Amino acid sequence: MLGGVILVLVVVRQKVFKMTEEDWNTYFNTLEKGKLLLSGFILYIISLMIVSWMGYYIFKAFAFENILFLSIITFILGMAKILFEYKKRGPELLNKLKHLGTK
């Protein structure tokens with residue numbers, strides 16, 4: 001789901017700003033690490049909200065009890081997972097971003 005959101009955002013940016021390959025290289029090389037991580041986190045939250053919203057209707061279609069609770073738990077567990085992964089692999093991620101030429 002996150003990949004789909006990122007792909008849509010890239011296509012929209014390409015269409016609106018008419019970005020070439022050189023423009024994309026310049027764009028990614030000038031991004032700050034903090035801004036890049038924040039953007040990724042926001043995209044993850046948006047994707048997780050969409051999945052939880054869709055889950056609500058799936059739970060409803062299959063007549064689950066406490067469907068709102070299940071949807072909220074889905075969101076909370078997704079957030080816990082990303083925070084755990086960042087804590088576990090955060091320094092490795094920052095190191096990889098450093099090698100990409102970002103600030």
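View 1. The model is predicted: local features need pLDDT of at least 70, side-chain atom pairs count only at pLDDT 80 or more, and totals for chains, interfaces and linings use all residues. Residues are numbered from 1 along each chain as its sequence is written, and side-chain values use heavy atoms, with hydrogens and water left out. Thr74 belongs to helix H4, residues 67-99. Helices (H or I, at least four residues) are DSSP runs, numbered from the N terminus. A polar atom of the Thr74 side chain lies 2.8 Å from the backbone oxygen of Leu70. With neighbours within four places in sequence left aside, Thr74 contacts Leu48, Ser52 and Phe59; contact means heavy atoms within 4.5 Å. Met49 is 25 residues from Thr74 along the chain, and their C-alpha atoms are 9.2 Å apart.

**View 2. Helix H3 from end to end.** H3 covers residues 33-61, 29 residues in total. From first C-alpha to last, H3 reaches 42 Å, close to the 42 Å expected at 1.5 Å a residue. The expected span is 1.5 Å times one less than the number of residues. The buried residues of H3 are Leu43, Tyr44, Ser47, Leu48, Ser52, Gly55 and Phe59. Among them, Leu48, Ser52 and Phe59 are in contact with Thr74.

View 3. The whole structure holds three aromatic pairs. The ring centres of Trp53 and Tyr57 are 5.5 Å apart and the planes stand at 80°, so this pair is edge-to-face. Rings of Phe, Tyr and Trp (its six-membered ring) pair if their centres lie within 6.5 Å; planes under 30 degrees apart are stacked, over 60 edge-to-face, and the rest tilted. Both residues lie in H3, four residues apart, about one turn of the helix. Trp53 is exposed at 54% relative accessible area, while Tyr57 is partly exposed at 44%. Trp53, Tyr56 and Tyr57 make up one aromatic cluster.

**View 4. The loop between H3 and H4.** Ala63 follows H3 and sits in the loop between H3 and H4. Phi of Ala63 is positive, near 60°, in a residue other than glycine. Ala63 is exposed, with a relative accessible area of 63%. Asn66 is found in the loop between H3 and H4 as well. Its phi is near 55°, again positive in a residue other than glycine. Asn66 is exposed at 55% relative accessibility.

Definitions and conventions
Helices (H or I, at least four residues) and strands (E, at least two) are DSSP runs, numbered from the N terminus. Buried means under 20% relative accessible area, exposed over 50%, partly exposed in between (1.4 Å probe, protein chains only). A polar contact is a pair of N or O atoms within 3.5 Å; within protein, one must be able to donate a hydrogen and the other to accept it, and residues adjacent in sequence count only if both atoms are side-chain atoms.
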